[in-house]
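Good morning, everyone, and thank you for making time for this.

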Amino acid sequence: MTTNQLPALKLNDEQRNQLQQELGTLLKEKMSLKQTIQQQGEKATSEKEELFLELLEVFDALEFFLNYIEENPDPNPKFFKRLPKSLGTIQKKLLNILERRQVEPIEFQNTKPDYSICQVVDREEREDIEEQTITKVVRQGFRVEDKVLRPIEVITSKKP
């Protein structure tokens, strides 16, 4: 026997049947996994398309406002009166899109920052309140399930 040759394996009928059964099981599992991967890919594509369509609704609403302002350089005062409500509706649409994907605003009522969900982006001098008190929320934070996607950005006080 040369060094490149392996010894011949001899299998009895029982071993051969067992190997054929195991091979058959592995091939079935392989096909099942391929099918599952394909289905997951199709589902992900479908969910992505759904998200894009929902975002396009928000885009359309914003485009309407931009076109109106462009076409009406001196808009009717009623337009400005309705603007906060209209923008609030767009914000609600966006929040609904996020909520359907388990992305929710972080609820936070404390006066001191919780650094697991807050990020201090600035400090302002204030004599009237205790140091490290939140004076303003600059940007809303969001989480998905228990993970912080974006912390709440806050301004805190400092003594002069």
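Predicted model: local features only at pLDDT ≥ 70, side-chain atom pairs only at ≥ 80, totals over all residues.

Let me begin with an open sheet of three strands, in which the order is S1-S4-S5 and the pairing is antiparallel. If we ignore direction, neighbouring strands here are turned by 35° against each other on average.

Staying with S1, you will see that it runs antiparallel to strand S4, residues 142-144, and that three bridges join the two. Within this part of the sheet, Glu104 stands opposite Arg143 in S4. Helix H2 packs on the sheet as well, where it touches S1 and S4, and the direction of H2 makes about 130° with that of S1.

That brings me to the helices, and to the question of how H1 and H2 run relative to each other. Helix H1 covers residues 13-71 and helix H2 covers residues 77-100, and they pack at an angle of about 165° with their axes 10 Å apart. Angles over 145 degrees count as roughly antiparallel, and H1 and H2 are therefore roughly antiparallel to each other. Their crossing is left-handed. On the H1 side the contact includes Leu51, Glu54, Leu55, Val58 and Phe65, while on the H2 side Phe79, Leu83, Ile90 and Ile97 are among the residues that take part. Sorted by class, this contact has 13 nonpolar, one polar and four charged residues.

Is it buried or exposed? Glu54 has a relative accessible area of 12%, and it is buried, because buried means under 20%. Leaving aside residues up to four places away in sequence, Glu54 touches Ile97, Arg100 and Arg101.

Finally, please turn to another open sheet of three strands, which has the order S2-S6-S3 and mixed pairing. Its edge strands are S2, residues 118-125, and S3, residues 134-139, and each of them pairs on one side only. Neighbouring strands in this sheet are turned by 30° against each other on average, again with direction ignored. S3 pairs with strand S6, residues 152-158, in the antiparallel sense and over four bridges, and Arg139 stands opposite Glu153 in S6.

Definitions and conventions. Residues numbered from 1 in each chain as written. Heavy atoms only, no water. Axes fitted to C-alpha atoms, helices over the stretch in contact; angles between N-to-C directions. Parallel < 35°, antiparallel > 145°, perpendicular 65-115°, else oblique. Left-handed = near helix turned anticlockwise from the far one by under 90°. Contact = heavy atoms within 4.5 Å. Nonpolar A, V, L, I, M, F, W, Y, C, P; charged D, E, K, R; others polar. Pairing = 2+ DSSP bridges. Buried < 20%, exposed > 50% of the residue type's maximum accessible area, 1.4 Å probe, protein only.
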